[in-house]
Amino acid sequence: MEILKVENLNKTYGKGENQVKAVDNITFSVEKGEFVAIIGASGSGKSTLIKLILKEEEPTSGSIIINGKDIVKKAREAKKNIGYMPENVPLYLDLTVREFVTYMAELKLVQRKE
């Protein structure tokens with residue numbers, strides 16, 4: 001079962017000759033139980049890809065499907081299936097991991113039983 005499907009994903013910044021392609025036609029999928037690593041040189045689009053999957057940014061084109069939900073069209077439903085812990089959490093350093101995850105889930109209106 002595919003839990004993440006990324007198809008023909010593109011993200012560009014700027015216009016005309018100042019245009020920069022941060023993500024260039026990426027396609028991949030992740031099946032339940034798989035582990036995936038995103039590796040690449042500095043500036044290769046890793047962080048932009050994560051931001052697109054989390055819907056912190058909008059793709060220029062392409063699609064991101066999370067458990068059958070399009071992250072652009074049904075963001076709230078799709079985001080219920082995402083867990084993300086950044087390397088450096090900028091706030092709430094006094095919280096335990098459990099407290100932080102619970103707090104973030106409450107902000108996203110995720111029901112406790114979920």
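On a 1 Å grid over the protein atoms alone, a pocket is an open set of points with protein on both sides within 12 Å along at least five of seven lines, and its lining residues have an atom within 4 Å of a point. Grid points are joined across faces, edges and corners, and the volume is the space filled by probe spheres set on the points. The model here is predicted, with local features needing pLDDT of at least 70 and side-chain atom pairs pLDDT 80 or more, while totals for chains, interfaces and linings use all residues. Numbering runs from 1 along each chain as its sequence is written, and side-chain values use heavy atoms, leaving out hydrogens and water.

The second largest pocket holds about 670 Å³ of space. Its lining is made up of 23 residues, and Leu4, Ile50, Ile53, Gly83 and Tyr84 sit closest to the centre. Helix 1 (46-53) puts in at least two lining residues, as do strand 1 and strand 2; helices (H or I, at least four residues) and strands (E, at least two) are DSSP runs numbered from the N terminus. Helix 1 gives the largest share, 4 residues. Sorted by class, the lining comes out at 15 nonpolar, 4 polar and 4 charged residues, with Ala, Val, Leu, Ile, Met, Phe, Trp, Tyr, Cys and Pro taken as nonpolar, Asp, Glu, Lys and Arg as charged, and the others, Gly among them, as polar.

Turning to the sheet, 4 strands line up in the order 2-1-3-4, open and antiparallel. Strand 2 (20-31) and strand 4 (69-70) are the edges with a single partner strand each, so one side of each has no neighbour in the sheet. Pairing calls for at least two DSSP bridges between two strands.

As for charges, the count is 5 salt bridges, each being a side-chain nitrogen of Lys or Arg within 4 Å of a carboxyl oxygen of Asp or Glu. Among them, lysine 55 and glutamate 58 meet at 2.3 Å, N to O. Lysine 21 and aspartate 24 join at 3.4 Å, and glutamate 77 reaches lysine 69 at 3.5 Å. Lysine 21 is exposed at 54% relative accessibility, whereas aspartate 24, at 48%, is partly exposed (buried is under 20%, exposed over 50%, partly exposed in between, with a 1.4 Å probe and protein chains only). Lysine 55 is partly exposed at 22%, and so is glutamate 58 at 37%.

Methods
1 Å grid on protein atoms, 1.4 Å probe; cavity = no way out; pocket = protein on both sides within 12 Å on 5 of 7 lines; lining within 4 Å.
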